[in-house]
Amino acid sequence: GQDPENQLCTDDFAGHWAHNANLSVKAIMGVAGYSEMAHMLGLYDVAEKYAGIAKKMAVKWEEMANESDHYRLAFDRENTWSQKYNMIWDKMWNLNLFPNNVIDKEVSYYLTKQNPYGLPLDSRKEYTKSDWIMWTAAMSSDLETFKKFIDPLY
């Protein structure tokens, strides 16, 4: 999960790309989710172990995906970007796995990529998916920013 090979992902209609950064986020959140379930079951040693693994994965993710003012679509593809909508779970679960304000940095960058009818899915094409825009909008830190993503859909 840390660095997916040519794996299927929800956005495969856009074409397969190995090293998909958003798919990696999904894997990290899966490990974190396992930790959360273990905690709910009272398996605190298991929860702590997998929370630590998820945190290390998130730190490594930032290093691998960083492109100064945003994060790449794929780890090995410079000058690319994509919606990292799977990060919504880091915010929703209040885990703060991703360091250095990764979510805020991404949201700010996305606002520079808005089109009249919404934020494109990624740097490859102009089309988008309204469900992913909604997840991305929910990553916003305030209502005003949230509306900047929602208004074009509306």
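Serine 68, S68, counts as exposed because its relative accessibility is 62%; by definition, exposed means over 50% relative accessible area, buried means under 20%, and partly exposed lies in between, with a 1.4 Å probe and protein chains only. S68 sits in the loop between α2 (44-65) and α3 (88-92). Its phi is positive, about 65 degrees, although S68 is not a glycine.

Before I continue, a word on the source. This is a predicted model, in which local features need pLDDT of at least 70 and side-chain atom pairs count only at pLDDT 80 or more, while totals for chains, interfaces and linings use all residues. Residues are numbered from 1 along each chain as its sequence is written, and side-chain values use heavy atoms, with hydrogens and water left out.

H19 is not a glycine either, and its phi is near 65 degrees, a positive value. H19 belongs to the segment before α1 (21-40). Is H19 buried or exposed? With a relative accessibility of 18%, H19 counts as buried.

I turn now to the protein as a whole. How many helices and strands does the protein have? There are 6 helices and 0 strands, where helices (H or I, at least four residues) and strands (E, at least two) are DSSP runs, numbered from the N terminus. Read from the N terminus on, the order of the elements is α-α-α-α-α-α. The radius of gyration is 15 Å, close to the 15 Å that the globule rule gives for 154 residues, so the protein is as compact as a globular protein of that length. That radius is taken over C-alpha atoms, and the rule is 2.2 Å times the number of residues to the power 0.38. Along the principal axes, the C-alpha atoms fill a box of roughly 50 × 35 × 25 Å. Of the 154 residues, 44% are buried. Among contacts with a separation of 6 or more, 63% join residues 24 or more positions apart; contact here means heavy atoms within 4.5 Å.

Next, the packing of the helices. Two packed helices are described by the angle between their axes and the distance between the axes. The axes are lines fitted to C-alpha atoms, for helices over the stretch in contact, and the angles run from 0 to 180 degrees between N-to-C directions. Angles under 35 degrees count as roughly parallel, over 145 as roughly antiparallel, 65 to 115 as roughly perpendicular, and the rest as oblique.

Let us take α1 and α2. Their axes are 7 Å apart, and the angle is about 165 degrees. That makes α1 roughly antiparallel to α2. On the side of α1, the contact includes V25, I28 and A32, and on the side of α2, it includes Y50, A54 and W61. By class, the residues of this contact divide into 18 nonpolar, 3 polar and no charged. In this scheme Ala, Val, Leu, Ile, Met, Phe, Trp, Tyr, Cys and Pro count as nonpolar, Asp, Glu, Lys and Arg as charged, and the others, Gly among them, as polar.

The second pair is α5 (residues 130-138) and α6 (residues 143-153), whose axes come within 8 Å and cross at roughly 160 degrees. These two helices are therefore roughly antiparallel to each other. S130, I133, M134, T136, A137 and A138 of α5 meet F146, F149, I150 and L153 of α6. Here the division is 8 nonpolar, 2 polar and no charged.

How do α4 and α6 lie, and at what angle do they cross? The axes of α4 (residues 102-111) and α6 come within 11 Å and cross at roughly 45 degrees. The two helices are therefore oblique to each other. V107, Y110 and L111 in α4 meet T145, K148 and F149 in α6. This contact has 4 nonpolar, 1 polar and 1 charged residues.

F75 lies in the loop between α2 and α3 and is buried, with a relative accessible area of 8%. Leaving aside residues up to four places away in sequence, F75 touches several residues, including H19, S24 and W61. W93 is found in the loop between α3 and α4 and, at 37% relative accessibility, counts as partly exposed. The C-alpha atoms of W93 and G33 are separated by 8.9 Å, although the two residues are 60 residues apart along the chain.
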